[in-house]
Amino acid sequence: MEHEHHEHHEHHEHHEESHDSHHGGHGHEHMIEDFKRRFFVSLGLMIPILLLSDMIQEWLRFELDFPFEKTILFVLATIVYVYGGWPFLKGSVDELRDRSPGMMMLIGLAISVAYFYSAAVVFGYGSGHDFFWELASLIVIMLLGHWIEMRSVMGASNALEQLVQLLPNEAHRINGEETEDVPISELKEGDRILVKPGEQVPVDGKIIKGQTTIDESMLTGESVPVEKSEGEDVIAGSINQEGSLTIETIGTGETTYLSKVIELVSEAQKSKSRAQNLANRAAKYLFYIAIAAGVITFTIWFMLGYSVGTAVERMVTVMVISCPHALGLATPLVVAVSTALSAKQGLLIRNRTQFEEARRLDAVIFDKTGTLTEGNFGVTDVQASSSYTEEDVLQLAGSVERESQHPLAQGVLREIEKRELKLSAVDHFGSMTGVGLEGTVDGAHIQVVSPRHIRDQHIQIDEETFTRLSEEGKTVVFVLKDGEWVGMIAMADLVREEARETVEALREKGIRSIMLTGDNEKVAHWVAGQLGIDDVYAEVLPDDKANQVKDVQKDGSKVAMVGDGINDAPALAQADVGIAIGSGTDVAVETADIVLVRSNPKDVLSILELSQNTYRKMIQNLWWAAGYNIVAIPLAAGVLAPIGIILSPAIGAVLMSLSTIIVAINARLLKI
Ligand SMILES: Nc1ncnc2c1ncn2[C@@H]1O[C@H](COP(=O)(O)OP(=O)(O)OP(=O)(O)O)[C@@H](O)[C@H]1O
Ligand SMILES: [Cu+]
């Protein structure tokens, strides 16, 4: 896999880490500890090195003279070079092996040049000063800089992992009458556990006893606590507020919603965006630019008559300061923050490239049922033909609908329950996609079908009633017995209030809203009118939804499709940005680029804004990182030497770290 290899080595390790462990921070923490230890040891060694250096002695006007003074200095500096410089030297070797020279090689080269030049001076080859003390302070600052930097980088990219770390390690398992506290890792599917008021839910599970409100805000961004009772699902990481719950474990550890989200997020963070590729390429060029600038700097200073020592020092500073670190981190950090932040709001980004396209949308196509409306149908009218009763109609329809998962079927069945009707057995059940259902009930062929089917088959119905009902925005289905009309059932769905606000906000942004539905033309227009949507595609067969999306794209428009991800899969895939909504905590909607955990159409707006903000931050960071180099390299080369501004390698290292820290902080300021 071609990932971050050419950036740095700590990132590279992080990625490998996150494959096998969901507590992905450990690799980083270990690295941070390592940097810290090397920093303090090198700092300790730096003091005698400073005292032993001629230059410092001259400045502070004291003199140390004892046998083997230079040898001791050499030994101490060698230790700092090897031990303190180790992460950079090892990183250089890694980069060399991957044939992608980058920041580690720059630093490795810089400290090696400084070290070997000084060693040559100590042993009497070459002229001028050694600069062991500068080498030592450079390494110390590099270690400190990277240590601080890694901490801020970790803070940015681990926002979600931190959530996992907050999860309780133990759960109260119920064994008959008693409960015992057991580690989460020992829980199995089906285990019953107790969650006391105020506690965090430790596993994904189903409530089998109790009733409470649950705060899911840190997982889905749902700010209002949700009421939950028996039979409903709870997710690990949410907080049980006032009730005491008995839940049956569905998933623990890796199989929980939270873990899947983290997995998803880390996958998305790895998928590179275009801006990122650009930055990586730039970072690669920067290596060669830095080397070239270093060599040119050396040559010019040397030709101006300065000593080799001074020329080497200038060259080392240039190499250190142009470390492409900030450039390499500029966009990955923003990506890390934006994916993690959005996941916490219940906006799961599966495909980053498509997500970045969201800032340039021209139109958003919404599926009607379940997206713009609640998807909860209630029966409002039942009309029977002359020889049947309302009960007959419902009873025949219900017997077939029992086999269906369609929201309309749920509506019919609820009505049957309400009226306490008995259902008959059904044989030869079959569903006619986008049309309805059929089956044999009491020896008769029963169909429950759409108005379109009635029209196509020229079946006689009560047109007048049908027209009236659909103009009221009600979805009507027809019941046929052996091809003859038996009756019709009208059902109403509630329009989501948030949907109207979303459509309005989109219009203000200059984005068209379009409705796509399998439902009848009149109903579709009624709903569209309620929401302020102008464009409606009605009576679209499921297989045809993708074609309708294509149709909207024809003039080059960038189009997002928002649907439930089940029967809209091809349309989601066809759209430039496929957004699945309303599938709850099922994160595995393969065809969607983005999954919205809450069923709130307004989240589409959040996606749009997030996409815009993310892009803006990336550009800002790239400018910061690139701009820094444009200023810093000439400065390090000594263009301002005539007016007395000369940077030492150590100051170069300070500036290098600062630029990265600024980029990291800027990334963390991203808001939704
Ligand atoms: N189980 C069913 N019972 C009764 N009628 C059905 C059923 N399934 C489909 N139909 C009929 O076919 C039409 C189209 O159904 P389809 O599933 O394609 O659209 P939908 O999911 O209801 O609407 P949308 O496209 O907005 O989600 C429905 O409006 C209805 O008339
Ligand atoms: Cu760096």
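Begin by selecting E420, an exposed residue whose relative accessible area is 69% (buried means under 20%, exposed over 50% and partly exposed in between, with a 1.4 Å probe and protein chains only). The model is a predicted one, in which local features need pLDDT of at least 70 and side-chain atom pairs count only at pLDDT 80 or more, while totals for chains, interfaces and linings use all residues; side-chain values use heavy atoms, with hydrogens and water left out. Residues are numbered from 1 along each chain as its sequence is written, and chains are lettered from A and ligands numbered from 1 in the order in which they are written.

E420 sits in the loop that runs between α17 (407-418) and β13 (426-432), where helices (H or I, at least four residues) and strands (E, at least two) are DSSP runs numbered from the N terminus. Although E420 is not a glycine, its phi is positive, at about 55°. Move on to H428, which belongs to strand β13 and which, though not a glycine either, also has a positive phi, near 45°. H428 is exposed, with 65% relative accessibility.

Now colour the chain by domain, with bounds from an automatic or database domain assignment: domain 1 (4-156 + 275-346 + 610-668), domain 2 (168-255), domain 3 (348-373 + 496-609) and domain 4 (376-494). Between the centres of domain 2 and domain 4, taken over C-alpha atoms, the distance is 41 Å. Across the whole chain there are 25 helices and 22 strands, and 55% of the 672 residues are buried.

Next, select the segments that UniProt, in an unreviewed entry, records as "transmembrane region", among them 101-125 and 285-304; such annotations may be inferred rather than shown by experiment, feature names are shortened, and positions follow the numbering used here. Residues 101-125 are 80% helix and 0% strand, with end C-alpha atoms 30 Å apart, whereas residues 285-304 are 95% helix and 0% strand, with 28 Å between their end C-alpha atoms.

Which helix holds I300? I300 is placed in helix α11, residues 274-303, and with 44% relative accessibility it is partly exposed. Show A311 as well: eleven residues separate I300 from A311 in sequence, and their C-alpha atoms are 8.1 Å apart.

Finish by displaying I296, I300, L304 and Y306, which together make a nonpolar surface patch of about 410 Å². Patch residues have over 30% relative accessible area and no salt bridge, with like charges joined within 9 Å and nonpolar side chains (Val, Leu, Ile, Met, Phe, Trp, Tyr) within 5 Å; a salt bridge is a side-chain nitrogen of Lys or Arg within 4 Å of a carboxyl oxygen of Asp or Glu. Accessible areas come from the Shrake-Rupley method with a 1.4 Å probe, and for residues only the protein chains shown count as cover.
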